[in-house]
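Please open the model in your viewer, with the sequence panel beside it. The tour below goes from one selection to the next and says what is found at each stop.

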Amino acid sequence: MNQSYEETLVGTQLVRPNPGARHEMICARLHEFVRASVVNLSSTRLLAPRSKVKLSADTIVCPDLALLTVATGKLWLAAEIVSSEDHAPDTVVKKQIYEELKLPRLWMLDPRYDNVEIYHASEYGMVLKAILAGSEILEERLLPEFQITIAELFRQTPAAGRV
């Protein structure tokens, strides 16, 4: 998984850098918990981390986590793990793209602050519904079996060989 990848954001090709080890750990943990919650949902398909998702003729994104509606193939939830070295494409450009797309759900995970911003689409654009941290629980009513505490999501695993 740990390699650079390309996205096309409104016609502009962008090579994104290799995600770091902590980013990949958070991504793997998020996928593990979401995968367990969608296994019995025939209406939703979980893509592999950073799979290409074509949103329009000039926009292809690679969210860290993407859930599609099986019936239409449309993206309904994207999760982006913010990288401190390369955050503008996620926090500014892609967020605007998702807003214009009226993406139903967007999760912005920020390892710099160990928090998650939850956005929902509305008739007025993306609405920030919550900023979760610590012992608060990330959950989604459209994924009834999914929940994880923010502390667990961002938990640092001890280095190998250390106690």
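Which residue just after α2 takes a positive phi? Select K102, which directly follows α2 and has a phi of about 60 degrees. Before moving on, note that this is a predicted model, in which local features need pLDDT of at least 70, side-chain atom pairs count only at pLDDT 80 or more, and totals for chains, interfaces and linings use all residues. Residues are numbered from 1 along each chain as its sequence is written, and side-chain values use heavy atoms, with hydrogens and water left out.

Stay with K102 for a moment: its place is the loop between α2 and β8 (105-110), where helices (H or I, at least four residues) and strands (E, at least two) are DSSP runs numbered from the N terminus. K102 is exposed, with a relative accessible area of 56%; here buried means under 20% relative accessible area, exposed over 50%, and partly exposed in between, with a 1.4 Å probe and protein chains only. Most residues other than glycine have a negative phi. Another positive value in a residue other than glycine is found at V10, with a phi near 50 degrees, and V10 lies in the loop between β1 (5-9) and β2 (12-16).

Next, select helix α2, residues 88-101. Its 14 residues should span 20 Å at 1.5 Å a residue, and its end C-alpha atoms are 18 Å apart, which agrees; the expected span is 1.5 Å times one less than the number of residues. A kink of about 35 degrees is centred on K94, the bend being the angle between axes fitted to the seven residues ending at a residue and the seven starting there. Colour P89, D90, K94, I97 and Y98, which are buried in α2.

Now step back to D86, in the loop between β7 (75-81) and α2. D86 is buried, with a relative accessible area of 14%.

Move on to helix α1, residues 21-38. It has 18 residues and reaches 26 Å from its first C-alpha to its last, close to the 26 Å expected. Among its buried residues are H23, M25, C27, L30 and V34.

From α1, turn to the largest pocket, to whose lining this helix gives the most, with 3 residues. A pocket is an open set of points on a 1 Å grid over the protein atoms alone, where a 1.4 Å probe fits, with protein on both sides within 12 Å along at least five of seven lines, and lining residues have an atom within 4 Å of a point. The lining has 19 residues, of which G20, H23, V82, S83 and E85 lie nearest the centre of the pocket. About 270 Å³ of space lies inside.

A further stop is G134, in the loop between β10 (125-133) and β11 (137-140). G134 is partly exposed, with a relative accessible area of 36%, and its C-alpha atom is separated by 5.4 Å from that of I150, 16 residues away along the chain.

Finally, show the whole chain, which has 3 helices and 12 strands. Its radius of gyration, taken over C-alpha atoms, is 15 Å, close to the 15 Å that the globule rule (2.2 Å times the number of residues to the power 0.38) gives for 163 residues, so the chain is as compact as a globular protein of that length. Buried residues make up 43% of the 163 residues.

Terms used:
Points joined across faces, edges and corners; volume = space filled by probe spheres on them.
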